[in-house]
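Dear colleague,

Please find below the structure that I am handing over to you.

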Amino acid sequence: MNTAAAEVTPRSLQSSPARYRPYRAIHKALRATMSQTLLQLGQADAAFPDEVESALAGVEQLLAQMELHLNHENDYMHAALKERAPQACADFDQDHVHHRQSLAALRDSLALLRGWPGPREELLY
């Protein structure tokens, strides 16, 4: 029997009891939205202001969705976990600080693009 294959098989593919994954669907949806937004932004032609504005609005909507998701995780999911095990979310809390910093930086970039006085081609390419 070849045991090497079993050693490199990801845990998700190994036979095991079903595991509750509360974040799976929303994280999958967020990844899809990020991909769609990146594609829309990448395809926007700076020569067409409506195209650019639509893409920037998509980025703004994505950032708002991500902020709402972080708030929901903190207020509901992590709060419930912390009641049972106070240190259970320490790593998540650090991740969320980093996520909030990243969201703030992206909002700053979005404001820069929106307020740019010259041709946007310089910033989009």
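Leaving aside its neighbours within four places in sequence, His 69 is in contact with Ile 26, His 27 and Leu 30. Please bear in mind that this is a predicted model.

His 69 has its place in helix α3. This residue counts as buried because its relative accessibility is 13%, and buried means under 20%. The side chain of His 69 is also joined to that of Glu 73 by a polar contact of 2.6 Å.

Helix α4 provides the largest share, with 7 residues. Sorted by class, the lining of the largest pocket consists of 8 nonpolar, 6 polar and 3 charged residues.

The second largest pocket has a volume of about 220 Å³. Here too, α2, α3 and α4 each supply at least two lining residues. By class, the lining of the second largest pocket holds 10 nonpolar and 2 polar residues, with no charged residues. Leucines in this lining include Leu 38, Leu 41, Leu 56, Leu 62, Leu 63, Leu 106, Leu 110 and Leu 113. Met 34 and Val 59 also belong to the lining of the second largest pocket, as do Thr 37 and Ser 109.

For the chain as a whole, the secondary structure comes to 5 helices and 0 strands, so that the order of elements from the N terminus on is α-α-α-α-α. The chain has 125 residues, of which 18% count as buried. Its accessible surface comes to about 9500 Å², and carbon and sulfur atoms account for 58% of that surface. Among the contacts in the chain with a separation of 6 or more, 59% are between residues 24 or more positions apart.

As you begin with the structure, which residues might you wish to display together with His 69? Ile 26, His 27 and Leu 30 are its contacts once neighbours within four places in sequence are left aside, and Glu 73 is its partner in the polar contact of 2.6 Å between side chains.

With kind regards

Definitions and conventions: Residues numbered from 1 in each chain as written. Predicted model: local features only at pLDDT ≥ 70, side-chain atom pairs only at ≥ 80, totals over all residues. Heavy atoms only, no water. Helix = DSSP H or I, 4+ residues; strand = E, 2+ residues; numbered from the N terminus. Nonpolar A, V, L, I, M, F, W, Y, C, P; charged D, E, K, R; others polar. 1 Å grid on protein atoms, 1.4 Å probe; cavity = no way out; pocket = protein on both sides within 12 Å on 5 of 7 lines; lining within 4 Å. Points joined across faces, edges and corners; volume = space filled by probe spheres on them. Buried < 20%, exposed > 50% of the residue type's maximum accessible area, 1.4 Å probe, protein only. Contact = heavy atoms within 4.5 Å. Areas by Shrake-Rupley, 256 points an atom, 1.4 Å probe, with all protein chains shown as cover. Polar contact = N/O pair within 3.5 Å; in protein donor to acceptor, adjacent residues only side chain to side chain.
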